[in-house]
Amino acid sequence: MKRRSLPVTAALATAALLLTACGSGDDKSGDNDKIAGAGQGAETPKESASPSGAPAGDKPDGVDVSLPKDMNLVFDWDKPKDKNEAAAMDDAANFLRAIYRGVDKRTTKDAAVTAYATGDGLHYAQVQINEWIKGGWTATGTLRHYDATTRSATNGTSVEVAFCADAGKFYGKEIKTEKILKTKPSIEDFDYFKIIMVKFPTGTDLWQASKVFVETKAAKCQ
């Protein structure tokens, strides 16, 4: 049995969590030109980053988003030409890194989580991390993100970052036994994400995830 990537799905049937409250399931927002949640503002990060031995490249915005060597998040996408969209895409990746850093550190209060998430996005991150903690799991392997697109709201402060995720080589690992939970490859390995990133209102390049929509078992990502 394999512990699934975001969102948690039926791979752990009795313990699985489907984040319907945060928009998981079939997302129909593509039928509308307006970006869902684009009017939502950002909140001030609740914690500052603590010093660590992470390389400088692991500290965008001064926040440590480093992960263990066996937890590999790959972002196989091209950066858009628009400056805001490029920054939002970078921080969407940092949002995902922050969640798995929380999984590794066994806490929802890591500085990376509170820096790169706000509102419903912060709730999504906290629920995900807590489910891994409750199950006694951490993660190992490679989680690939690809086929990314970006779309800006007219107000210039919101960007939708959409992409596919392939968890076929990304597994849960029992912390007590170090047993890796694997299953056979299937459509359950593929998810399609839309993350609404909002610009932090300080004139910096920091963007925060404010809403998360997930289509599970996404055939279009195969």
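**Exercise 1. Describe how helix 1 packs on helix 3.**

Solution. Start with the geometry. Helix 1 (residues 83–105) packs on helix 3 (residues 119–135) at an angle of about 35°, and their axes are 9 Å apart. Axes here are lines fitted to C-alpha atoms, for helices over the stretch in contact; angles run from 0 to 180 degrees between N-to-C directions. Helices (H or I, at least four residues) and strands (E, at least two) are DSSP runs, numbered from the N terminus.

The model is predicted: local features need pLDDT of at least 70, side-chain atom pairs count only at pLDDT 80 or more, and totals for chains, interfaces and linings use all residues. Residues are numbered from 1 along each chain as its sequence is written, and side-chain values use heavy atoms, with hydrogens and water left out.

Next, the hand. The crossing of helix 1 and helix 3 is right-handed. A crossing is right-handed if the near helix is turned clockwise from the far one by less than a right angle, and left-handed if anticlockwise.

Then the residues. Helix 1 brings F95, I99, Y100, G102 and V103. Helix 3 answers with G121, Y124, A125, Q128, I129 and W132. Contact means heavy atoms within 4.5 Å. By class, the contact has eight nonpolar residues, three polar and no charged. Nonpolar covers Ala, Val, Leu, Ile, Met, Phe, Trp, Tyr, Cys and Pro; charged covers Asp, Glu, Lys and Arg; the others, Gly among them, are polar.

**Exercise 2. Find the disulfide, give its hand, and place its two ends.**

Solution. Count: the structure holds one disulfide (a pair of cysteine sulfur atoms within 2.5 Å). The partners are C164 and C221, with sulfur atoms 2.1 Å apart. The torsion about the S-S bond is about -75°, so this disulfide is left-handed. C164 sits in strand 3 (residues 158–174), and C221 in the segment after strand 6 (207–216), so the pair ties together parts 57 residues apart in sequence.

Check burial. Buried means under 20% relative accessible area, exposed over 50%, partly exposed in between (1.4 Å probe, protein chains only). C164 is buried at 4%. C221 is buried at 3%.

**Exercise 3. Which residues touch the most other members of the largest nonpolar core, and which elements build this core?**

Solution. A nonpolar core is a set of buried Ala, Val, Leu, Ile, Met, Phe, Trp, Tyr and Cys residues joined through side-chain atoms within 4.5 Å. The largest has 47 residues; F95, Y100, F170, I195 and M197 touch the most other members. Elements giving two or more residues include helix 1, helix 2 (111–116), helix 3, strand 1 (71–76) and strand 5 (190–199). Helix 1 gives the largest share, eleven residues. Another core, of seven residues, lies apart; Y146, C164, Y192 and C221 are among them.
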